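Dear colleague,

My notes on the ligand site and on a few individual residues follow it.

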Amino acid sequence: EAKREGRNRAASFSWLFKERFNRIHEIETGLRRAIEGQELRLVFQPIVDLERMHIDACEALLRWEHPILGMIPPSEFIPIAEGMGMIEEITSWVLRNACLAAASWPSDARVAVNISPASLKSAELPGSVIAALLESGLPARRLELEVTESIFLDDSGQANAILLELQRIGLRLALDDFGTGYSSLSYLRSYRFDTLKVDQSFMAGVSANAEDRAIVRAIGALARDLAMDTVAEGIETVDQLEHARDAGFTNVQGYLFSRPVPGDVVTALIAHGALAPIQEPPPLNHSR
Ligand code: C2E
Ligand code: MG
Ligand code: MG
Ligand code: MG
């Protein structure tokens with residue numbers, strides 16, 4: 001009996017392994033097709049200035065609608081693209097399309113683009129940025145690149161050189177998901193980030209935990225003294241909004257204001273200018 005159970009467990013393990021392997025394989029082969037075809041698209045999420053409740057910037061977020069597997073989240077396919085050496089191609093596609101979109105917006109709102117650590121180590125990045133700016137005509141100051149703390153992990157000096165080169169072009173740099181990784185205050189001293197984006201896990205906890213409130217307030221005070229903009233990510237409730245305000249944040253982003261939306265919808269939101277909190281976030285639509 002025990003023996004059969006063991007065999008069943010082994011069989012189901014190998015089945016699961018095979019499923020997982022098939023999915024990764026499908027994603028790998030599909031990615032090459034996706035980038036050439038019409039399967040990738042960008043959605044945009046407004047970042048709201050707390051003083052004027054005005055759309056300051058929009059973050060471009062990548063979506064992949066796979067013909068068989070359906071919507072694949074970027075958190076799943078970006079790491080696979082990195083492993084395949086396809087991330088440069090994807091980054092340059094995102095930069096180009098994000099800049100083209102922003103150049104058509106009816107205000108001077110910035111566009112924020114996520115740059116994966118692997119891209120930041122590539123000498124191709126500055127060239128992709130310049131090409132996207134030239135093709136779209138978007139001024140460099142309207143482009144913000146979001147990088148995470150992990151770029152400082154294996155410090156070969158390569159990421160530093162590329163960051164400085166990007167700053168020379170005149171674009172803005174944001175430190176994304178701040179507080180989740182390997183936070184060290186020393187790189188806030190060495191690099192002049194324009195924006196600090198506090199990870200949504202802290203904002204998720206502010207209503208219930210004094211610890212999260214203390215951390216959020218400390219980050220708000222630090223960023224203010226260092227003259228950085230601060231974005232509270234993942235704001236879903238009015239209570240979280242009030243905590244972000246109390247902590248002295250300059251900006252907020254989250255479902256309370258808008259989910260990530262297609263390009264034509266974000267253009268209409270920007271044309272309207274101000275963005276008021278909505279009481280009940282609409283149900284999650286995975287196609288967005
Ligand atoms: P991120 O840069 O921290 O982006 C914020 C994520 O939080 C997005 O998930 C967004 O849809 C989600 N979000 C926004 N507001 C709320 C909220 O109020 N509540 C909750 N629960 N979530 C909210 P998404 O689009 O699935 O992206 C996940 C991550 O994938 C991003 O995290 C980013 O690291 C990466 N990513 C997305 N697009 C790109 C891209 O074009 N290039 C690269 N390299 N990475 C990307
Ligand atoms: Mg981001
Ligand atoms: Mg983030
Ligand atoms: Mg995040």
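How far is an oxygen atom of ligand 1 from an N or O atom in the side chain of Asp 176? The separation is 2.9 Å, within the limit for a polar contact (a pair of N or O atoms within 3.5 Å; within protein, one must be able to donate a hydrogen and the other to accept it, and residues adjacent in sequence count only if both atoms are side-chain atoms).

As to conventions, this is a predicted model, in which local features need pLDDT of at least 70 and side-chain atom pairs count only at pLDDT 80 or more, while totals for chains, interfaces and linings use all residues. Residues are numbered from 1 along each chain as its sequence is written, chains are lettered from A and ligands numbered from 1 in the order in which they are written, and side-chain values use heavy atoms, with hydrogens and water left out.

**Ligand site**

Two further side chains make polar contacts with ligand 1. Gln 45 has a side-chain N or O atom 3.0 Å from a nitrogen atom of the ligand, and a polar side-chain atom of Gln 200 is 3.1 Å from a ligand oxygen atom. Of the 800 Å² of accessible area that ligand 1 has on its own, the protein covers 81% (Shrake-Rupley method, 1.4 Å probe).

The shell around ligand 1 comprises 21 residues, the closest being Arg 63, Asn 114, Asp 176, Glu 236 and Tyr 255; a residue belongs to it if one of its heavy atoms lies within 4 Å of the ligand. By class, the shell holds eight nonpolar, six polar and seven charged residues (Asp, Glu, Lys and Arg count as charged, and Gly is among the polar).

**Individual residues**

Asp 177 lies in strand β6 and has a positive phi of about 55 degrees although it is not a glycine. Its relative accessible area is 25%, so Asp 177 is partly exposed (buried is under 20%, exposed over 50%, partly exposed in between; 1.4 Å probe, protein chains only).

Ala 227, in the loop between α9 (210-225) and β8 (229-232), likewise has a positive phi, near 60 degrees. Ala 227 counts as exposed because its relative accessibility is 69%.

Pro 139 occupies the loop between α5 (125-136) and β5 (143-148). Its C-alpha atom is 10.0 Å from that of Ala 102, 37 residues apart along the chain.

With kind regards

Note on methods:
Helices (H or I, at least four residues) and strands (E, at least two) are DSSP runs, numbered from the N terminus.
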